Amino acid sequence: MRELVVLFQKEWRENTRNFKILWVPLVFIFFGLSEPLTSYYLPQILDAVGNMPEGTTFPMPEFTPAQVIMATMGQYQFIGMLVLVLAFMGTISRERKNGTGTLIYVRPISYLNYFLSKWKVVGMIALMSVWLGLLTSWYYTGLLFGKVEASDFFAFAGTYSVWILFVVTIVLAMSAWLPTGGAAGLSLLLILIVQIVDSLLGTYWTISPWKISTYATQWLTGSPDSGDFWWSIAITILAIIALMIFGVWMSKRNASKTKV
Amino acid sequence: MTIILEADHLTKIYGSERAVNEVTFALGEGTSTALIGPNGAGKTTTLSMLGGLLEPTTGTISLNGEKRADVRKHIGFLPQYPQFFSWLTALEFTEMAAKLSGMDARSAKLEAQKTLEFVGLGDALRKKTGTFSGGMKQRLGLAQAIVHKPKLLLLDEPVSALDPVGRREIMNLLKSLQQDMTILYSTHILNDAEEMTDQLLFLRKGQLVEQGSIGDVRAKYDQPRYRVEFGRAEDAIIYSERAPWNVQVEGACGTIHLAQGFPTMADVLKSLAESGLDVRKAERQTANLEEIFMKVAGQA
Amino acid sequence: MEALQGLSWGIIAPIFIIQLILVIVALIDLTKIHQTNGPKWVWALVIIFINIVGPIAYFIAGRKQA
């Protein structure tokens with residue numbers, strides 16, 4: 001336990017001193033702001049940038065509050081995921097590559113604590129970023145488009161948090177397994193590409209971690225199918241645990257690859 | 001003497017290459033052992049296995065007679081090029097190292113400070129390690145290896161990256177640690193090994209080709225000889241023709257190899273005096289570690 | 001630009017504030033950091049002139065981390 005605290009402190013210091021604790025949340029807040037704003041001011045923006053003949057009118061789509069929040073999540077699902085992968089892809093692999101891991105691995109640490117300390121800090125930063133961003137988006141949506149019920153919003157954000165933890169665990173497990181480049185590539189494949197595949201072919205099944213974000217948005221307009229939803233949550237949590245076990249095992253196995 | 005660490009037929013195979021092959025040795029408590037050999041002999045691989053970084057392919061390591069123990073609890077390890085988290089200060093890093101080796105927060109802080117002062121980093125306690133020079137990194141590396149007072153210190157080329165002054169200072173620090181710790185260090189600088197060694201381990205192509213105390217090894221490989229210097233090269237040739245023993249001539253010098261105590265120095269001097277040649281210098285030479293090293297390294 | 005006069009600046013201001021914080025933090029880090037991947041002045045230009053992406057690019061690719 002004490003060892004976990006020491007390693008956690010080290011990770012925390014790292015992420016405050018390299019400013020990740022600051023810039024990652026700011027990026028998510030930025031999109032939480034810009035999405036409702038650009039949706040709201042779309043007519044003016046088009047007007048200002050386009051050379052429209054006088055008197056042209058576009059049938060502007062009327063956004064519902066729920067659609068604006070979904071659009072924010074849409075941004076997170078691509079740009080947000082990219083930022084998370086790129087920011088944390090080297091969390092473990094870089095320590096092996098540059099040899100800083102060596103002086104940790106020769107101490108009597110458990111690789112469970114080693115992995116957990118990183119998972120906790122990265123998970124905290126990712127969840128904090130997503131929540132701050134979504135709360136901003138919710139506030140602005142309420143200001144510009146109309147109200148989204150708090151219970152709906154929290155059900156949505158809570159469900160989406162499970163997906164975020166799944167993403168964080170993928171990135172760390174890959175970083176434990178592969179060199180940084182490979183970890184980034186495979187993480188993006190697992191997060192973005194599988195997501196697309198799941199949405200294209202996924203009509204054949206309803207239970208999958210890659211459907212969590214869709215189920216999350218359904219809370220904004222109603223509620224997802226209870227069975228599908230809870231099974232997907234359960235499967236995702238199991239996947240997170242399995243990935244963590246894999247990550248711990250790989251951290252230990254690959255410790256010998258550290259530069260000495 | 002109590003044995004603290006025992007390596008038994010330690011082997012590490014990468015693909016088809018035997019980086020370390022059936023290496024067996026023991027370290028007595030409180031002794032200092034030098035692991036020497038040319039580059040690529042398997043020194044770092046051996047130390048990595050002892051340090052718990054690498055799993056041996058076959059063979060065992062026992063610590064205090066216990067097989068397959070987590071050696072990491074009892075060692076301090078200094079890699080050849082220690083790398084630090086650039087965003088931590090020297091004190092923060094050493095403190096963390098002490099805590100990860102099981103010290104409580106209070107004594108970790110205290111010992112970290114004391115140890116950093118001991119290695120000469122007293123002025124740089126609160127400096128980020130990212131700004132450290134090579135010599136400072138080596139000192140910090142030593143500090144983190146000894147802060148938790150391990151029984152066994154494993155050092156990979158602790159001084160070879162340093163300039164002569166830094167090397168001298170680190171060697172002196174290591175000598176002062178000899179009383180409290182068992183030390184195993186690798187080096188290819190033989191003067192260092194000669195200075196601080198109870199036992200020598202010679203590695204060549206992954207194999208332990210020679211081991212023993214520095215005296216034993218020297219006795220085995222030493223070929224004592226006399227070396228006579230003449231004023232002129234002709235004198236050396238004349239002497240080699242007249243002398244009752246075989247003389248190898250090289251310029252104005254002649255070398256006489258001893259065989260089983262013959263000739264004695266008195267015999268040589270007597271023959272030189274009788275020859276009437278212009279003798280400048282006559283001395284008895286023994287092989288230094290460098291020559292022994294070359295001999296061992298060059299064995300077929 | 002008349003069309004943009006309908007904007008309520010109080011609502012939009014935070015978006016610029018965030019960009020400004022990112023630029024300032026990135027620049028502060030750039031001056032303090034020991035080494036970057038590539039010349040520092042290039043990163044300074046990237047941070048200042050490329051909206052939002054500049055500072056992020058610096059934090060991800062510019063810092064030499066150890």
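Q: Which residues have the most contacts inside the largest nonpolar core?
A: In this predicted model, the largest nonpolar core holds 148 residues, and those with the most contacts inside it are A:Leu84, A:Val167 and A:Val171.

Q: And which helix gives the most to this core?
A: That is helix α7 of chain A, residues 150–177, which gives 15 residues to the core.

Q: Why does the core lie between domain 1 and domain 2 of chain B?
A: Both domain 1 (3–220) and domain 2 (223–298) of chain B give residues to this core, so it lies between them.

Q: What does A:Val167 touch, leaving out residues up to four places away in sequence?
A: With those neighbours left out, A:Val167 touches A:Met81, A:Leu84 and A:Ile191, and A:Leu84 is itself listed with A:Val167 among the residues that have the most contacts inside the core.

Q: Staying with chain B, where are the domain bounds, and how many Å separate the domain centres?
A: Chain B is divided into domain 1, residues 3–220, and domain 2, residues 223–298, and the centres of these two domains, taken over C-alpha atoms, are separated by 42 Å.

Q: How many residues of each domain are in contact?
A: Eleven residues of domain 1 of chain B are in contact with seven residues of domain 2 of chain B.

Q: Which elements give two or more residues to the domain 1 side?
A: On the side of domain 1 of chain B that touches domain 2 of chain B, they are α6 (190–195), β9 (199–204), β10 (207–212) and α7 (214–221) of chain B, and α6(B) gives the most, with three residues. By class, that side of domain 1 has seven nonpolar, no polar and four charged residues.

Q: What does UniProt place on chain B?
A: UniProt places the feature "domain: ABC transporter", from an unreviewed entry, at residues 5–230 of chain B. In the model, that span is 33% helix and 30% strand, and its end C-alpha atoms lie 52 Å apart.

Q: What is the mean pLDDT of chain B, and which elements have the lowest and highest values?
A: Chain B has a mean pLDDT of 89, with 99% of its residues at 70 or more. Among the elements of chain B, helix α10 (residues 289–298) has the lowest mean pLDDT, 76, while helix α2 (residues 90–100) has the highest, 97.

Q: Switching to the interfaces, how many residues of chain A are in contact with chain B?
A: In that contact, 21 residues of chain A meet 28 residues of chain B. On the chain A side, α1 (2–17) and α5 (102–105) each supply at least two residues, and the largest share, six residues, comes from α1(A).

Q: What is the make-up of that side by class?
A: The side of chain A that touches chain B has eight nonpolar, seven polar and six charged residues.

Q: And how many residues does the contact take from chain C and from chain A?
A: The contact takes 22 residues from chain C and 22 residues from chain A. On the side of chain C that touches chain A, α1 (9–32) and α3 (53–62) of chain C each supply at least two residues, with α1(C) giving the most, nine residues. By class, that side of chain C has 18 nonpolar, two polar and two charged residues.

Q: How many helices and strands does chain C have?
A: Chain C has three helices and zero strands, and buried residues make up 20% of its 66 residues.

Q: What does UniProt list for chain C?
A: For residues 21–63 of chain C, UniProt lists "domain: Cardiolipin synthase N-terminal", from an unreviewed entry. Over those residues the chain is 74% helix and 0% strand, and the end C-alpha atoms are 18 Å apart.

Q: Last topic, backbone angles: where is C:Ile52, and what is its phi?
A: C:Ile52 lies in the loop between α2 (40–49) and α3 of chain C, and its phi is near 50°, a positive value in a residue other than glycine. Most residues other than glycine have a negative phi.

Q: What about A:Phe19, what is its phi and where is it found?
A: A:Phe19 has a phi near 70°, also positive in a residue other than glycine, and is found in the loop between α1 and α2 (20–49) of chain A. A:Phe19 is partly exposed, with 18 other C-beta atoms within 10 Å.

Methods: Residues numbered from 1 in each chain as written. Chains lettered and ligands numbered in written order. Predicted model: local features only at pLDDT ≥ 70, side-chain atom pairs only at ≥ 80, totals over all residues. UniProt positions renumbered as here; feature names shortened; annotations may be inferred. Helix = DSSP H or I, 4+ residues; strand = E, 2+ residues; numbered from the N terminus. pLDDT = per-residue confidence, 0-100. Core = buried A, V, L, I, M, F, W, Y, C linked by C-beta atoms within 7 Å. Buried ≥ 20, exposed ≤ 12 C-beta atoms within 10 Å, placed from the backbone. Domains from an automatic or database assignment. Contact = placed C-beta atoms within 7 Å. Nonpolar A, V, L, I, M, F, W, Y, C, P; charged D, E, K, R; others polar.
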